[in-house]
Amino acid sequence: MEEQKMMALMAGQRFLNENTPATIEAQLSEYVIGQQKLVRAVADFVYYHVMRRMHPELPVRNLLVAGGSGTGKTEVFRWVSKLYGDVVRVKVVDGSRLSKDGWSGSYKMTDMLSEDLDILVLDEADKLCKPSYSAAGSNVSEEMQSEMLKLLEGEYEVVDRRFKTKYTIDNLSIAMVGAFESIRQEKREQLNKRTIGFSTGIVEKQEDSVRNLDGNQERISDEDLIDFGMMPEIVGRIAMKVNTNDLTVEDYLAIIHNPHSRVATLLQVLDGYGIASAEAVPDEVIRELITTSQTNHTGFRWVSAQVESKILEVIRNQGVKEEIRNCDFCVKTDGGEEVFEFF
């Protein structure tokens, strides 16, 4: 165990030597489009976490991310895991599935923890905070939040009943991620009320303000979170808060065509088989899908799924055919005939 901790410390120091929050931000920006404030906050969050591994006396700094569906709230952490997973171990869990030890439900608090975990991302965290009551009348939300409070302290004792072991996680950072839709909707309504009866020019500015609401123009405050149902003790342990931006049409298109996206990978496959991707799924079609998504608030995942379906429809109708010649799997027989041989 001591050797494992020493290796983690050495890896952490190398990470700090080779990176800064600015370089992490620059690298994440290649993969997460249109969310510069989010990317910057996550870069700071990750770098500080590794600093705290080296200096345990530093206070815990947990993060809250609020924003609409498909705006990159969890995607940014998946890229942190892919890019820095050898140093920073990240786990994304669906907070709405969590159940307290002793309650019914298959996914307990202790199930999402492991001894080598660094950053725990609680997706759908807003659903854990909204007041809900059991048939017996107990406040389920409050009891779950009381359990979460221990995690937010950065140190948590885990009793694994399956293997009859006990261990302590002593360097854990939490990112609470959720839509917090009722708060954001209330702020939109407040912005609307401020501009009723003004001139057209003012109304245009108001529309821009609403459109940029999630870009931190109207931040979610501590009071908003407490009114939403989050325990004040939890609010007090969240040092960093960031709102995601509502993605524009151009943001969506940039994500679709980003070489790291799933859609771009499919389009590259089509190009490799001589099927022009621009003809298969023209940007005009993608723009229409984006507009529909913005109207229905279905987010980028829906757009991506629709584009992927259209690409697969092209493959279904045309197939992907390529003449095989002189490949690694082809060998010539004595008669000069090419046959497949698998190694």
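Glu124 is partly exposed, with a relative accessible area of 26%; in this classification buried means under 20% relative accessible area, exposed over 50%, and partly exposed in between, with a 1.4 Å probe and protein chains only. Glu124 has a positive phi of about 60° although it is not a glycine. Most residues other than glycine have a negative phi. Glu124 is placed in the loop between β3 (119-123) and α5 (125-129), where helices (H or I, at least four residues) and strands (E, at least two) are DSSP runs, numbered from the N terminus. The structure is a predicted model, in which local features need pLDDT of at least 70, side-chain atom pairs count only at pLDDT 80 or more, and totals for chains, interfaces and linings use all residues. Residues are numbered from 1 along each chain as its sequence is written, and side-chain values use heavy atoms, with hydrogens and water left out.

A positive phi, of about 45°, is also found at Phe180, which is not a glycine. Phe180 lies in the loop between β6 (173-178) and α7 (181-195). With a relative accessibility of 0%, Phe180 counts as buried.

The chain contains 15 helices and nine strands. Of its 343 residues, 43% are buried. Contact is defined as heavy atoms within 4.5 Å. Among contacts between residues at least 6 apart in sequence, 69% join residues at least 24 apart.

Helix α6 covers residues 140-152, and its 13 residues should span 18 Å at 1.5 Å a residue; the end C-alpha atoms are 19 Å apart, which agrees. The expected span is 1.5 Å times one less than the number of residues. The buried residues of α6 are Ser141, Met144, Gln145, Glu147, Met148, Leu149, Leu151 and Leu152.

Helix α11 (residues 249-257) packs with helix α14 (residues 283-296) at an angle of about 125°, with the axes 10 Å apart. Axes are lines fitted to C-alpha atoms, for helices over the stretch in contact, and angles run from 0 to 180 degrees between N-to-C directions. The two helices are therefore oblique to each other, since angles under 35 degrees count as roughly parallel, over 145 as roughly antiparallel, 65 to 115 as roughly perpendicular and the rest as oblique. The crossing of α11 and α14 is right-handed; a crossing is right-handed if the near helix is turned clockwise from the far one by less than a right angle, and left-handed if anticlockwise. On the α11 side the contact is made by Val249, Glu250, Tyr252, Leu253, Ile256 and His257, and on the α14 side by Asp283, Ile286, Arg287, Ile290, Ser293 and Gln294. By class, this contact has six nonpolar, three polar and three charged residues. Ala, Val, Leu, Ile, Met, Phe, Trp, Tyr, Cys and Pro count as nonpolar, Asp, Glu, Lys and Arg as charged, and the others, Gly among them, as polar.

Helix α11 also packs with α15, at an angle of about 50° and with the axes 11 Å apart. That angle makes α11 oblique to α15. The crossing of α11 with α15 is right-handed. Tyr252, Ile255 and Ile256 of α11 meet Gly299, Phe300, Val303, Ser304 and Val307 of α15. The contact of α11 with α15 has six nonpolar, two polar and no charged residues.

Ser304 belongs to helix α15 (residues 299-318). Ser304 is buried, with a relative accessible area of 9%. Apart from neighbours within four places in sequence, Ser304 is in contact with Ile256 and Val263.
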